[in-house]
Amino acid sequence: MRKSQNENFNYALFGNPIDHSKSPQIHNLFSEQTKILHIYKAINIPLDQFSSLISDFFKNNIQGANITSPFKKEAYLFADKLSERARIAKSVNTLKKINNKYILGDNTDGIGLLSDLNRLKFIKKNSSVLILGAGGAVQGILLSILSLGCSVYILNRTTLKSINLVNQFKQYGNIKIFEKDNMMKNKSFDLVINGISRNIQYNTSFIPLHLFSSHTFFYDMNYSFKNTTFLDWCIKIGANHISDGIGMLVFQAAYSFLEWHGILPKTDYIIDVLSKN
Ligand SMILES: NC(=O)c1ccc[n+]([C@@H]2O[C@H](COP(=O)([O-])OP(=O)(O)OC[C@H]3O[C@@H](n4cnc5c(N)ncnc54)[C@H](OP(=O)(O)O)[C@@H]3O)[C@@H](O)[C@H]2O)c1
């Protein structure tokens, strides 16, 4: 059964849930643009079956895969070899079968996010950045942000995960846990990045308003056909500069495509198309 499903495509996205993913549409556009045969499907994986199913897919036709929430850590453990950025992140969003011998794990979330923040002019060297969340995506982006010389504060529901991230990344730059009461009263963040995967109730007891200014940029790694809950809240508190994560999605996909095929597809017109849908 799985073999016949597998015969029709050679690249895939594995996650749970993946129902509304725009990745197949993006990869179809890359395939059209580059004329490379690249048939990409989104596949929902039961939460307890990641490694057995991925092994089966790679034994068959699959040449490469993207991995999304909540499997990036499992993909990191599954890969036989790792790129430098995936090794440091301990999180994998891209797998590639090499010479039918082994599976390489990479992470393109960091370069994807940074490319979009640069496109939007949302980030500068030394920006002060508040990151909400400490999951696989945040692990994937931290090295890129810290490498730019930014100071990073992490705020996550589960404090232990924030502590672990700070310990994991402190050798790469200035990273701290966000502690509301210890923030300087006259300091505001240049950029806030949301990496929380669920729609939660954002309010000012969560993050005090004095930590934002009219110059603060707000970036939600999530995206939706209308504003995300986070961006709705940002507008309510007076944000002037907001963006969802469509651009990041397209850029991280483009860098996965580069890993698989050696060509970096053009992205601008695809971001425009998807932003309008
Ligand atoms: N645009 C893009 O290209 C792109 C790329 C990657 C990811 N993303 C998006 O980024 C989001 C995060 O992905 P991920 O891979 O990091 O997911 P993940 O590993 O499952 O992490 C989820 C994060 O959300 C937090 N969270 C979940 N439910 C919460 C709740 N009810 N209240 C407060 N916090 C909650 C978790 O906190 P705890 O640690 O306390 O559980 C954790 O920090 C996803 O929505 C994903 O679609 C977008």
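These are my notebook entries on a predicted model of a protein chain.

**Ground rules.** I number residues from 1 along each chain as its sequence is written. In this predicted model, local features need pLDDT of at least 70, side-chain atom pairs count only at pLDDT 80 or more, totals for chains, interfaces and linings use all residues, and side-chain values use heavy atoms, with hydrogens and water left out.

**Domains.** I looked up the domain assignment first. Domain 1 takes 2-107 + 248-276, and domain 2 takes 110-244. These bounds come from an automatic or database domain assignment. I found the C-alpha centres of domain 1 and domain 2 to be 25 Å apart. The contact (heavy atoms within 4.5 Å) draws 16 residues from domain 1 and 19 residues from domain 2.

**The interface.** How much area do the two domains bury between them? I read about 1500 Å², with 66% of it on carbon and sulfur atoms. Buried area here is the accessible area (1.4 Å probe) that two parts lose on being put together, summed over both. On the side of domain 1, Ile88, Met248 and Phe251 lose the most area to domain 2. Together they account for 39% of what that side buries.

I then looked for polar links. Seven residue pairs are in polar contact across the two domains, both residues at pLDDT 80 or more. A polar contact is a pair of N or O atoms within 3.5 Å; within protein, one must be able to donate a hydrogen and the other to accept it, and residues adjacent in sequence count only if both atoms are side-chain atoms.

Which helices supply the side of domain 1 that touches domain 2? I noted α5 (84-89), α10 (246-261) and α11 (268-276), each with at least two residues. Helix α10 gives the largest share, five residues. Helices (H or I, at least four residues) and strands (E, at least two) are DSSP runs, numbered from the N terminus.

**A salt bridge.** The structure holds four salt bridges. I looked up one of them: the side chains of aspartate 109 and lysine 72 meet at 2.7 Å, N to O. Aspartate 109 is in helix α6 (residues 109-120) and lysine 72 is in helix α4, so the pair ties together parts 37 residues apart in sequence.

Most residues other than glycine have a negative phi, and most peptide bonds are trans. I found a cis peptide bond from asparagine 16 to proline 17, with omega near 5°. Proline 17 sits in the loop between β1 (11-15) and α2 (23-34). The bond from serine 69 to proline 70 is also cis, with omega near 5°. Proline 70 is in the loop between β3 (64-67) and α4 (72-78). Lysine 35 is not a glycine, yet has a positive phi of about 65°. Lysine 35 lies in the loop between α2 and β2 (40-44).
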